[in-house]
Structures are given as structure tokens and as C-alpha cells.
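Welcome to the tour. Please open the model in your viewer and keep the selection tool handy.

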Amino acid sequence: MLERIREHTSGWFAWVVIGLIIFAMAFFGIEQYFQTRIDTYSAKIESPPTWWRDAPSDGATGRLARAFVWDSVEISQAEFRERFDRYREQVRARAGDAYDAEQVESIETKRLVLDGLVDEKILEIAAQRDGVAVDASQIRKAILEIDGITQDGEFIGEDAYKIWLQSRGLTAAGFEALIARQLTTSTLPNAVAESGLVGDAELESLLKLQQETRDLRFVEIPPPALPADATNDAALAEWHSANAERYSTEETVTISYLELDVASIAVASEPTEQDLRDRYESEKGRFGTEEERVAAHILVALPADADDAAIEAARAKAAAIAEQARAEGADFAALAAANSEDLGSKDLGGDLGTIARSTEDAPGLYPKPLEDAVYALAEGGVSDPVRTDAGWHVIKLTQLVAGSQQPFEAVRDQLAAEFGESERERLFNEKSGTLIDAILREPNSLPAVARAMEVEVKATEPFTRAGGDGVAAIEAVRAAAFSRSQKDDRLVSDPIEIGPNQVVVLQVTEHAPSALRPLAEVRDQVQADLQADRLATAARERAEALLERARKGETLEALATELGIVPQDSNGVARQAGFPDPAIATEAFRLLPIEAGKPADVGLAELSGGRFALVVATKVTPGDTSTLTPDVRSQIRAQLAQMRGDMERQAFVKALRGQFEVTVAEERL
């Protein structure tokens, strides 16, 4: 045993790990290693450094080294919950009355949403690892392609753009950072998707298959007669018992509940004039617009490993360009087109667009030295050379839009209304705390809680898990009402949020579990279901027996004569034909055509209503592609290439995910 331990904990790698451990303990304190860590993530993504390939992956050394040197990114429960809530609302909006809450809330659906988040994180890590970056022109182009920001192909204007952002709770800098992140993470998979090409020979083959038609013969098999004892009492009782879920009543509950809604809370006091003025001064920034600065630049690029001489030569070149730009009548756009090494902006006259001041909440898109230089210039001014990691920049402030400030008098009414709202929210928070205290004191009596809160207790009619009226139409209310603590223990529920600053507290007053209805009550339904099942079983057995005989050499004509019917022919049937029946057409295109001296390749098509048909393909006519115009061919080629590109994108993301270890905490979803 000691020898095995020495084998896995010796060598240069072990000494490196021990050094890391000593450093970590010295830096963080040894007590950190004796504290219990409680994981709260929904998923954790771990990836090794590039040199890990030759490092030990098992044993004590490998596990310890992994803990120190592997990168780890976590998806928090809050992050997952926000994405899942958004997904739920999208599904509800699309499905309308057909919305299936049970399916949406299933662990399978939650895993699907979480997998999407994991893929996004992995793409973000891969983009950072591979040095993928986007420039300002790409961000601007992507923004201008968003519906609502352009109208008839034209930008809606700065004022309308600000309103568009504010209506979505966004700032310009934050939105641009979001677009930049999306572009960065989509660059790699999009590049893979663009490699989805379709060659001429492949296109021709696919077109011929698509245009192919078939002549076919089929026999619809009539349903058999039911056995004489199909509806005897013993059979009905057995079916009724075996399929109890079909004939059971739905579980229902009836609840009492009380509501706490911020909208119904009255505010007793009005704000003083001084209160409003103090609020105005503390939130003055809300009632004005920040100044905006639009700039252009000319970049003299430098490699990362440039020596001092190269750096100075580039600076001198930039300084000379700056002098030219300051000359009377100088055309900065022309200078940028002729001299700038920023490929993204040189053809735009060096335009960088609006440059916002960076903050802790919204980091800027541009390096800090460049941003500082822009905010140090007067309108029309040209800077001295400014150094960033990219090289030397000559910057011109092309436009300065001064900020504005609304006076107190113009926003007084708004401040007064907001005072009332904030006061109601404060009172709502107080009442929420009082409500929780009342529930803790009286966990078994909703009326006692209501008396403490001085609110009315309301009641619902019985409702099922699937839906109800009034407050029972809210999914979260139904979920709480059908929980074990409600149905069995009849405890007062925790506050259930049903809207912004609006909660419901409930208690189940009646519970009717699902129960099997007596056979006498549902006899007609049971009899119909049993007859349908026996007919379907008999029809399938007959069809499969006839198929077996046909495959052994009996002709469709002979089998049809035995059944007392005539075979039917349908010629020139296309792949997506709706006649004679989509299932018959689909089956015909799966079969080999009849050949002289060989048994027919017979198929069985399952039609609607539990019917079946025997099918053979009598002739195959290759597709004629000569009538397709070049435009149609080009369109089909593009569609096929897009399909292939999508498949290759998915395969790329799947392969990329294989480079990471993903841990999912399903119990926290």
C-alpha cells in the first residue's frame, strides 16, 4: 500500500503541487481547508489547462492537482431560475390554452434549459481561450440588424434608441456589452456552420431523389368482426380494473386564501416639499441625459512583441498624422482611409460611434486610455498619439452632444407619485414581515392569520391540478395547494408570489383524492374502449398475417379476392403526396420496385383509425431535374447547405462540450 502511494505522489509534478498547496495555505490561511463548503450551483463546468494532457488524472496527486489548477465556472441557481422563468413565459405565450404546466416543470425540460446555458458558457470559455474578439463595427452592424432599432432599413435615431433601451431596462453600454458577448460566443460555431457546402453531384443526386415518383398498388384490409364474447361482464370488469386511470375521477382541492397586494395599500401621509426636493437632488441623474461623444480614430498598429525602436517609430508616424489632421481643411476620413490599420473602421472614416463613459456596472468597449482621450477633447479636436495594446491612436472628437437637466418643477408630480409608490412598497414589506410572523404563530389556522392581518379570507370552488377559476388559475397556487403539506397536514402555506408585490397565502379546506368510478357508472365507456382495443388488436394481427403470406409469395390480387375487395393502383405518386394516403405513399418509397421472377417487396402501412394496407411499388420513375431553373437549384442548394451547417454546428458544440467536465445538481433545479 505504501509503495502504491509513493508511486502516485513522487516526481517533479508532486513537488509542484506541494508548492501550490503551501502557497495557498500561506495566502488564504489553513483554517479555510477545515471549513465546510456548501455548493449552491445548478451546474459546474470544469476544464483543464492546456498542459494537463500529460499530467496524472487519478490518484491522490492527480485529484489534488486538479483541485488547484483546473478552471471552474459555475451556473448559479439564480442564473438558471432567471433563464427558466423566461423559457416558461415564452412557452406559455406560444401555447396559450394548450399550455402544459406539468410538462414545462418536468426535470427533463429543466435539464434541456440548463443544457442550453451550459453550452453558452462553454462557447464563452472557448472563445476566450482561443482569443476570439469582436470590434466596434461588428457590434454596431449587429445592433442595426435588430428589429425595432431600424425602420425601413434606417436607424431610428438616438432619442428613439434610448427609449427602446429604457423600455427593456437596458443602458447603451450594457446592451453593447451584451451584443459583444453574443457575437464572441457565436463566432466559432458560426464559422463551422458556414463550412456546410453541397457539391454539384450531391445536389443532382438529391434533386433526382426529391423529384422521383412511383407507381404503386395497395390493398386496404377491412377490419375483422369482433368475437362473440367481446362484451361479456367478466371481460368488462377486467378491462375496467386494468385501465383504472381512464375511469377515475380527477383529484380536487378546495382552498381558503388571503391576498396581500401593494396596490390595495393606502398611504396615510403626503410628502413635504423638502422631501421631494431632497429626493430630486439625490436622484438628479435620472432627470437628465448624459453628454454623448462621437469619435473617429486612425490606428498605427504595433505587434505585441514590438521593441522600443518600433514603438517610437510608430509613435512618430502617429504624431505626423495628428499634425496633418489638425491642419486647416484636413479631411480626417480620408486620412483614416489612407493610413489607419484598423480594418473594421478605416473604410468608415475611422468612425468609432458613440463612446460612453465606463462604470463598474457597465465596462466600456474601448481601452481606458482611448476613452480618457475622447473625454479630454473639445468638439473637432484631434489628440496627440494615444497608446493602447493595439498600437498608437490619433483620435478626433467628431460630435459632442451636451447633456440636459430637467428642473425640479418639471418632475415634481412624478416625484410625488413615486413617493407614494415607494411608501406603499415599504408598507407592503412591513406587512409581509408581519404576515410571516402570523403564519409562524398560527401555522394551522388561516382565519387566525387573517385576523392578525385584518384582511378578508376568501374561498375557491373545487379545482384540479390542471386548472381552476380565479386564483386557482395561477400555476404557483395550484402547485402549493396540491403539495403534501397542504393535502395531508393542512398547514397554512408560505406566501406565494403571484405578481410584483402581490402574494397569496392559502390553506386546503377540502381534498377529494382520485377514485375509480364504479363499473356501472362508466359501463358504456368501458364497453366502447374494450371493443375498440379488441378491434385494433384483431386488425393488426390480421394485417401482419396477410403481410407474412404476401412476403412468402402470395399476390395482392389473390389476397384481395380472399378478402372480397379489389386492389387499387395509384401512378406517379410523389414523396410528399397526400393521396391515396400519406402513410401509403411513405411506405411505397421505402420499398424496392417489383422485378420479374422475384418476390414482391411488400410493406404494411398503418392508416388512421386503426386501419392497415398492404403496399407494393410497381414502378420507379427517376426525377427529371432538367426543368429546374438555376435560381431554383441555387435556392435548394442554399437550403441544403444551411441544414448541413446547422448539423455541423451542433456536432461542433457537442464535441467542444466533450473537452469539459460538467456536473449538474438536479436537486437544485
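Is Glu454 buried or exposed? Glu454 is exposed, because its relative accessible area is 74% (buried means under 20%, exposed over 50%, and partly exposed in between, with a 1.4 Å probe and protein chains only). Before moving on, note that this is a predicted model, where local features need pLDDT of at least 70, side-chain atom pairs count only at pLDDT 80 or more, and totals for chains, interfaces and linings use all residues. Residues are numbered from 1 along each chain as its sequence is written, and side-chain values use heavy atoms, with hydrogens and water left out.

**Stop 1: positive phi in loops**

Stay with Glu454, in the loop between α17 (446-453) and β13 (458-459). Helices (H or I, at least four residues) and strands (E, at least two) are DSSP runs, numbered from the N terminus. The phi of Glu454 is near 60 degrees, a positive value in a residue other than glycine. Now select Arg490, in the loop between α19 (484-487) and β15. Its phi is positive too, near 55 degrees. Arg490 counts as partly exposed because its relative accessibility is 29%.

**Stop 2**

Select β15 (residues 496-499), which pairs with β16 in the antiparallel sense over three bridges (two strands pair if DSSP finds at least two bridges between them). Glu497 has Val503 of β16 as its bridge partner. Two residues lie between the strands of this hairpin, and Asn501 has a positive phi near 55 degrees.

**Stop 3: the largest pocket**

Show the largest pocket, with a volume of about 1400 Å³. It has 47 lining residues, and the closest to its centre are Ala172, Ala173, Glu292, Thr354 and Ala356. On a 1 Å grid over the protein atoms alone, a pocket is an open set of points where a 1.4 Å probe fits, with protein on both sides within 12 Å along at least five of seven lines; lining residues have an atom within 4 Å of a point. Grid points are joined across faces, edges and corners, and the volume is the space filled by probe spheres set on the points. Select α8 (158-166), which gives the largest share of this lining, seven residues. Colour the lining by class to find 22 nonpolar, 12 polar and 13 charged residues (Ala, Val, Leu, Ile, Met, Phe, Trp, Tyr, Cys and Pro count as nonpolar, Asp, Glu, Lys and Arg as charged, and the others, Gly among them, as polar).

**Stop 4: the second largest pocket**

This pocket has a volume of about 610 Å³. Of its 18 lining residues, Arg83, Gly116, Leu117, Glu120 and Thr185 lie nearest the centre. Two or more residues come from each of α4 (77-95), α6 (107-129), α9 and α23 (630-657). The largest share, seven residues, is from α6. By class, the lining holds five nonpolar, three polar and 10 charged residues.

**Stop 5: along α4**

Finally, select α4 and its buried residues Phe80, Arg83, Phe84, Arg88 and Val91. Down the helix axis they fall within an arc of 140 degrees, so they line one face of α4 (the arc is that of the directions from the helix axis to the C-beta atoms). Ala78 and Ala93, on the other side, are exposed.
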